Amino acid sequence: MIEWIISILLLLGGSFVLVGSIGLVKMPDFFMRLHGPTKATTLGMALLLTASMIFFSSTQAGFSAKEILISLFLLLTAPISGYMMIKAAIHHKLDSIERTKGIDNIEDDV
Amino acid sequence: MLETVILIVFAMIGLSLLLNVWRLLVGPSVPDRILALDTMYINTIALIILYGMSMGTALYFEAALLIAMLGFVSTVAVCKYLLRGDIIE
Amino acid sequence: MRSQMRLEAKFRWLPTPLRSLLLFIVWLLLNNSVSAGHIVLAVILAIVIPLATSPFRTKQPLVLKPGLAFRHLMLVLYDIITANVQVAILILGPNKKLTPGFVKVPLDLTHDMPITILASTVSLTPGTVSAEVYPWRECLTEGKEPEERFLLIHVLNLEDEQALINTIKQRYEAPLKEIFQC
């Protein structure tokens, strides 16, 4: 039973990580590429780490919870690194695809 | 069954690492490359955790935590450099 | 009685109660044990580290409603999961159907800490990444509040701009205002 839960979590996590990387390759401009890694990959990692937590709790003596630390860390830092990257991209005036709406909402740097 | 699943997930992560490398090489801009590198860090953590699971040891956990921290700090540092031309002003 | 926003904690020896709790839990998790020795060490660290670092901390509003904060955290976690499935479908679908866009969300929050939390939740939830907070920090004069703040977000698939702004304001910003009372 536990093996089934671990397998499902692992497969789901792996597919989310893969979806994040597919988004990284497939999307036409930088701002759209950013969505894959910041969201899908983070959730995928959280699922993988949960699977690992259940695995080590069931196979080894005692309860193993330190994977929560990595999940927490990734959940906290993913938006911040995403924010830094989009800031750098706006500063470098990267092109966004033509049908992007509201492009004049971006204000000029100081 | 678990061994097979772990192998499949290994393949998935490996494939996503390859996709990241493609984006890292193609670019076209510097932020794109940083993004690819950042995603590679996170995927490497996944690889290490999976390897630990297939070996049945929790020893690799600290390595994963270290990579997570170094990856975050280096991403922020490179972005800061791109933004201001300096890391610590 | 309506409580006011507070920048200082009630006890001087415990400047940031929630952060102390976090340090306590993180230490126990790092060592993966709840033995007496580690608990004593965790308590010492949870008291000494905030005391040692509080002089160079910029004053930020404290969490005044821990219960509501916990409920909001659960809501955000639930939203992260549902939003990720949506984003995964968008990513795997055809690119032509996506109409990305930049949206400016007016902010009612005033301090850095609540704005950071709002920006992070926006980044992790439905198809949006927060990009910038206007006005620019460099344009602000010291000690003076700007008239209006905006959060610039990038949306992966923009359908109804006003509806999106309303969702963000009601679902994520209103609870934060309540939690920090700012």
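Author: Two strands count as paired if DSSP finds at least two bridges between them. The model is a predicted one. In chain C, three strands make up an open sheet, ordered β1-β3-β2, with antiparallel pairing. At its edges lie β1 (101–107) and β2 (128–134) of chain C, each of which pairs on one side only. On average, neighbouring strands of the sheet are turned by 30° against each other, direction ignored.

Consider the pairing of β1(C) with β3 of chain C, residues 149–155: the two run antiparallel and are joined by seven bridges. In general, strands of a sheet pair through backbone hydrogen bonds, in either a parallel or an antiparallel way.

Another chain also takes part. Helix α4 of chain A, residues 67–91, packs on the sheet and touches β2 and β3 of chain C. The direction of this helix makes about 65° with that of β2(C).

Now the contact between the two chains as a whole. Chain C gives 35 residues to the contact and chain A gives 37 residues. On the side of chain C that touches chain A, the elements giving two or more residues are α1 (17–31), α3 (66–92), β1, α4 (112–124), β2 and β3 of chain C. The largest share of that side, seven residues, comes from α3(C). Sorted by class, the side of chain C that touches chain A holds 22 nonpolar, 10 polar and three charged residues.

Methods
Residues numbered from 1 in each chain as written. Chains lettered and ligands numbered in written order. Predicted model: local features only at pLDDT ≥ 70, side-chain atom pairs only at ≥ 80, totals over all residues. Helix = DSSP H or I, 4+ residues; strand = E, 2+ residues; numbered from the N terminus. Axes fitted to C-alpha atoms, helices over the stretch in contact; angles between N-to-C directions. Contact = placed C-beta atoms within 7 Å. Nonpolar A, V, L, I, M, F, W, Y, C, P; charged D, E, K, R; others polar.
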